[in-house]
Amino acid sequence: MLRKAFKQFQLGVKNPGQGMRILASEAKMRAGIRTLRSLELAVTWICNLDCEFCYAEDLMKAQKKPPHMPVEEVADITRQARDLGLIHVNVTGGEPLVRKDIFEVVDAIPKDVVVSLVTNSTLLTKEKIVRLKQAGLSTIQMSYGGYYLKSFQRDLARYCVEQGISVTLSVVNIKAERPNIEHAFAMAEEDDFSVLFNYPMIYKNEGVDSEYYWKMRYHPRCREDNLFWSGKDRCPAGTHKLYVTNDGDVMTCDRIHAIYGNVRTEPLAGIHKRMYEQFIKHKSFCLLETCEKQWDENNKRSGRNYSKTLLGTREDPFNVFEGTPLMHGSVAGSTMAQEIHAARKRASEGGANGHDAQGHDASGDGRPVDVPVSEEAPTKR
């Protein structure tokens, strides 16, 4: 675990200020002091691709032309989050690179905070890489897997490393993707990348590839949301990590669309305090998990004894909290969020599949590869 922590620190930190904040955050978290470590910002819901398995599809397609999150709002939210202990911001969407002002978006984030950006790589160029580095980007997360083999450009990934931007190959850990994930790890060793494991929601797939997941989870080059340099076998969603949509709704994570407040109507500090006090009691390996067998497996492998009373449901594939105690404290959210939820419920009641019920992602992809959708999992870096 120490090797892993050191490697992740080495790959992520780009200046002394970031290093000092991370070490201070680690100490606060381990002392039980409330602190917000990671923030995901959906700065746009527009994407140049149209992935059926995209977990942000419901958010992206709710409007014909969804508005971008203003640069000024990015600056304000991240400043508020920094006051709460923030050490990492993940810029996501939609496809962030559709924004012509994406460089201003990255530049608006405090420089002592690690900044990563999620992309499907189709709009990436050497010129943009240079400008992103100048704006303060620390890491670029490139979608990787069967669906992205034709759009992924290894030469550009290597160029990022040359320019001082760390590269993470973002994968979804399901059995159908194992050969591609194995190749991702091989590239990571050769080119000094890391590999981000995205824990899958069960949606047109059988769930996590438990065998390979646990085999590689502690590999030094393996990143994962519920580790994030902390070495803890516990989901950080709702406590040390939050997701903010581009219309200000605050969720525990980008794959669970239950809303607990809106930054356009109240300060982030108040929302985080309420969520922290609720979710710090809800101990789980991953809040996304809906399978009792996998819940037991995760407890066994991690040495935990998390209660199954917090197991999510499959009533709504994009909100596993639906009908559970985890919905306590949730709010209706923005008008668009209410419309999305109503549409999903109607589709679910009508027996529609997850795609018809509308999904959710952050950097969809057009369908460049002949990979059956039935083997894919919702993905977003």
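Q18 touches G12, V13, K111, D112, V113, V114 and S138, leaving out residues up to four places away in sequence. Contact here means heavy atoms within 4.5 Å. Q18 lies in helix α2, residues 16-30. Helices (H or I, at least four residues) and strands (E, at least two) are DSSP runs, numbered from the N terminus. Q18 counts as buried because its relative accessibility is 2%. Buried means under 20% relative accessible area, exposed over 50%, and partly exposed in between, with a 1.4 Å probe and protein chains only.

This is a predicted model, in which local features need pLDDT of at least 70 and side-chain atom pairs count only at pLDDT 80 or more, while totals for chains, interfaces and linings use all residues. Residues are numbered from 1 along each chain as its sequence is written, and side-chain values use heavy atoms, with hydrogens and water left out.

One of the partners of Q18 is K111. K111 is found in the loop between α5 (102-107) and β3 (114-119). K111 counts as partly exposed, because its relative accessibility is 43%. Beyond its neighbours within four places in sequence, K111 is in contact with N15, Q18, V106, A135 and G136. Its side chain makes a polar contact of 2.7 Å with the side chain of D107. The side chain of K111 also reaches the backbone oxygen of A135, at 2.7 Å. A polar contact is a pair of N or O atoms within 3.5 Å; within protein, one must be able to donate a hydrogen and the other to accept it, and residues adjacent in sequence count only if both atoms are side-chain atoms. L137 is 26 residues from K111 along the chain, and their C-alpha atoms are separated by 9.2 Å.

An α-helix has 3.6 residues a turn, so residues three or four places apart point the same way. Just after α6, G136 takes a positive phi of about 115 degrees.

Now the aromatic rings. A search of the whole structure finds 13 aromatic pairs. Rings of Phe, Tyr and Trp (its six-membered ring) pair if their centres lie within 6.5 Å; planes under 30 degrees apart count as stacked, over 60 as edge-to-face and the rest as tilted. Y213 and W214 form an edge-to-face pair, 5.4 Å centre to centre with 90 degrees between the planes. W214 and Y218 form a tilted pair, 6.4 Å centre to centre with 50 degrees between the planes. Y213 and W214 are both buried. Y218 counts as partly exposed, because its relative accessibility is 31%. Ring pairs link F185, F197, Y199, Y212, Y213, W214, Y218 and F285 into a cluster.

Finally, confidence. The mean pLDDT (the predictor's confidence in each residue, from 0 to 100) is 84. pLDDT stays under 50 over residues 351-381. Where pLDDT is low, the predicted coordinates should not be read in detail.
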